[in-house]
Every structure is written in structure tokens, then in C-alpha cells.
Amino acid sequence: MPRSSLTKKALATSLKRLMEKVPLNKITVQEIVDDCELNRQTFYYHFQDIFDLLGWIYTTEAVESIANYKTYTTWEDGFLKIFLYIEKNKAFCLNTLKSLGRDHLDSFLHSVSFELLMGVVNEVSKDMKVKDEDKKFIADFYTLAFIGLVIQWMKTDMREKPEVIVEKLSELVEGNFASALKRYEKSSN
């Protein structure tokens with residue numbers, strides 16, 4: 001692994017460790033670098049600020065892990081991976097949710113969900129003539145619904161099992177992608 005990646009991972013690990021005990025808005029760059037025995041200059045060589053590091057953590061740890069789940073038959077596994085990531089990193093994610101870093105959590109959830117759902121919509125519509133903007137609208141609608149579901153789950157202390165939520169979600173949307181796309185295809189003609 002390149003030295004740069006190791007340094008970024010060390011900074012990320014320190015931020016996550018600190019966020020288990022301290023609200024994000026109370027953590028300083030100095031505390032992060034002290035925790036991983038680096039200096040401020042090294043931090044700023046890799047990241048503009050703590051929020052940049054926060055965004056990097058979500059991107060590298062979670063976004064890349066669902067890259068193979070963008071099909072109609074695998075989207076449920078992709079969503080389950082998102083839930084399990086949040087559950088595994090509960091303190092970190094809840095701290096982000098309750099802080100000024102909430103935008104990073106929202107951005108993370110939106111990017112992974114939209115990309116995953118766009119893959120599904122494109123697959124389901126491959127033999128249909130549906131405008132790209134209509135496909136994006138469908139993917140965005142389900143993305144925003146999913147984000148709301150995840151945020152509410154987090155706010156209720158993640159009591160429900162992720163597998164149960166994904167199963168309910170699957171039952172709710174089963175066949176809806178195809179029927180919505182067919183309606184948009186008819187309106188395009």
C-alpha cells in the first residue's frame with residue numbers, strides 16, 4: 001500500500017476513534033494528528049480540513065464496498081452493506097449525523113444509493129425507450145426515500161435489524177422500477 005494511503009488511513013482511524021467519545025465539532029486537527037503521531041503539516045498535505053477527511057472516510061470505506069451491487073438481482077445486498085457499515089461504525093456515523101458533518105453523511109448516502117439505484121434503473125430499462133432525465137428522476141426518488149429510511153433508523157438507535165429493513169424495502173419496491181419505467185416510456189412516445 002502506498003505511503004500516502006497509509007497516512008490517510010492513520011488519520012481516518014484517529015478521527016473515528018476520537019468520534020467515539022467526542023462530538024465532531026469539538027475535535028481539532030491537532031487532536032487527530034496527536035492521536036496518530038503525525039504532524040499538522042502532514043494532515044494538511046492530504047486534507048483541507050476535518051470535513052474533507054470525513055468525506056474521504058465515507059468514500060473509501062463505504063462507497064467502494066458496494067461497487068458490485070448495482071444490478072436488479074444484487075441491489076438488496078448493496079443496501080444491506082450500507083446498513084451494516086453504519087451499524088459497524090455506529091458511534092462514528094451517529095456522531096456525524098448529530099454534527100455539522102451531517103452533509104457528509106447525507107452526501108455519502110446519496111452518492112452510494114443513487115449510483116446503486118441508477119444501475120438498477122438502467123438495467124431494467126435496457127430494452128425500453130425512457131428519457132435519461134426520467135430514469136434519473138426515478139433513481140433520485142428512491143434514493144431520497146432510502147436516505148430518509150436510514151436517517152430515521154439511525155435516529156431510533158438502529159433497533160431494527162438491517163436484514164428486516166432491506167426485506168421490507170424489497171417487498172415495497174418489487175416490480176415498481178419496471179412499472180414506473182413503462183409508464184415513463186409510454187409518456188415519451
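I looked up the domain boundary and found 18 residues of domain 1 in contact with 17 residues of domain 2; contact means heavy atoms within 4.5 Å. The protein chain is split into domain 1 (1-47) and domain 2 (49-187), with bounds from an automatic or database domain assignment. I noted 28 Å between the C-alpha centres of domain 1 and domain 2.

I noted that this is a predicted model, where local features need pLDDT of at least 70, side-chain atom pairs count only at pLDDT 80 or more, and totals for chains, interfaces and linings use all residues. Residues are numbered from 1 along each chain as its sequence is written, and side-chain values use heavy atoms, with hydrogens and water left out.

Next I looked up the largest nonpolar core, which has 59 residues. A nonpolar core is a set of buried Ala, Val, Leu, Ile, Met, Phe, Trp, Tyr and Cys residues joined through side-chain atoms within 4.5 Å; buried means under 20% relative accessible area (1.4 Å probe, protein chains only). L15, I86 and M154 have the most contacts inside this core. Domain 1 and domain 2 each supply at least three of its residues. I then checked L15: leaving aside neighbours within four places in sequence, L15 touches L24, I27, I32, I50, L53, L54 and I57.

Y85, I86, E87 and K88 of α5 meet K90, F92 and C93 of α6.

Conventions. Buried means under 20% relative accessible area, exposed over 50%, partly exposed in between (1.4 Å probe, protein chains only). Helices (H or I, at least four residues) and strands (E, at least two) are DSSP runs, numbered from the N terminus.
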